[in-house]
Amino acid sequence: MSVEPSPPSTEPRSPSPRLGLLPMIIFGSRWLQLPLYLGLIVAQCVYIVLFLKELWHLSWHAIDLTEQQIMMSVLALIDVVMISNLLVMVIVGGYETFVSRLDLQGHPDEPEWLGHVNASVLKIKLAMAIIGISSIALLRTFIEAGNLGSNRAGYTDTGVMWQVLIHLTFVVSAIGVAYVDKLGDSGARKHAE
């Protein structure tokens with residue numbers, strides 16, 4: 001699988017404006033975020049180890065587990081994948097938005113969403129990913145809700161109620177962020193006209 005280099009651009013690049021010392025320092029400070037994104041890549045590797053550990057446990061003990069235990073293990077795997085997807089969005093989208101362009105135009109593996117990512121789009125995507133992760137956690141709680149009141153219960157009635165309220169808070173927050181973003185877009189369009 002080879003990646004052919006793209007032909008050089010025929011458009012002449014306009015020279016970069018010369019910045020004064022202070023603007024150059026301020027603008028260059030965005031590179032201080034690079035170690036943060038590299039750290040998130042390390043966190044991604046930790047999630048790979050966690051995923052493989054969960055998968056090994058599920059595969060090794062599949063015959064001994066009940067259907068509910070298998071379902072809980074699969075939900076744990078899905079949860080790890082969704083958190084990993086969230087990390088990818090933050091790493092790639094955040095780097096592209098706040099640090100430097102990746103120049104992936106025309107690359108066959110360029111994510112579709114990356115072409116139109118900005119801070120507003122990234123916020124909404126992150127909010128939706130957090131809701132998805134919270135939904136998986138809540139589903140795991142609901143599956144175990146049949147054990148409420150017994151010694152085997154991992155949750156209390158109050159704990160379940162708080163999880164639902166926290167999930168609803170995530171949903172309302174995401175709706176609020178999307179609504180404010182829509183207001184900003186419509187205001188910008190009216191201003192442009």
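Modeller: Helices (H or I, at least four residues) and strands (E, at least two) are DSSP runs, numbered from the N terminus. This is a predicted model, in which local features need pLDDT of at least 70 and side-chain atom pairs pLDDT 80 or more, while totals for chains, interfaces and linings use all residues. Residues are numbered from 1 along each chain, and side-chain values use heavy atoms, without hydrogens and water.

Biologist: How many helices are there in the protein?

Modeller: From the N terminus on, the elements run α-α-α-α-α. Strands number 0, and the count of helices is 5.

Biologist: Which helix gives the most to the nonpolar patch?

Modeller: The patch lies on the surface and is formed by Ile-130, Met-161, Trp-162, Leu-165, Ile-166, Leu-168 and Phe-170. Such a patch takes nonpolar side chains (Val, Leu, Ile, Met, Phe, Trp, Tyr) joined within 5 Å, in residues with over 30% relative accessible area and no salt bridge (Lys or Arg side-chain nitrogen within 4 Å of an Asp or Glu carboxyl oxygen). With 6 residues, the most comes from residues 157-192, that is, helix 5.

Biologist: What is the accessible area of the patch residues together?

Modeller: Areas come from the Shrake-Rupley method with a 1.4 Å probe, with only the protein chains shown as cover. For the whole protein the accessible surface is about 14200 Å², with 66% belonging to carbon and sulfur atoms. The patch residues together have about 640 Å².

Biologist: Is Leu-168 buried, partly exposed or exposed?

Modeller: Leu-168 is found in helix 5. Buried means under 20% relative accessible area, exposed over 50%, and partly exposed in between. At 45%, Leu-168 is therefore partly exposed.

Biologist: How many residues apart in sequence are the parts that Trp-31 and Tyr-95 tie together?

Modeller: The protein has 3 aromatic pairs (Phe, Tyr or six-membered Trp ring centres within 6.5 Å; planes under 30 degrees apart stacked, over 60 edge-to-face, the rest tilted). Trp-31 and Tyr-95 form an edge-to-face pair, 6.2 Å centre to centre with 70 degrees between the planes. Because Trp-31 lies in the loop between helix 1 (21-28) and helix 2 (34-61) and Tyr-95 in helix 3 (residues 67-99), the pair ties together parts whose separation in residues is 64.

Biologist: Which class of pair do Tyr-37 and Tyr-95 form?

Modeller: Tyr-95, at 16% relative accessibility, counts as buried. The ring centres of Tyr-37 and Tyr-95 are 6.3 Å apart and the planes stand at 85 degrees, so the pair is edge-to-face.

Biologist: Which residues do ring pairs link into a cluster?

Modeller: Trp-31 is partly exposed, at 36% relative accessibility, whereas Tyr-37 and Tyr-95 are both buried. The cluster linked by ring pairs consists of Trp-31, Tyr-37 and Tyr-95.

How values were computed: Patch = residues over 30% accessible without salt bridge, like charges linked within 9 Å, V, L, I, M, F, W, Y side chains within 5 Å. Buried < 20%, exposed > 50% of the residue type's maximum accessible area, 1.4 Å probe, protein only.
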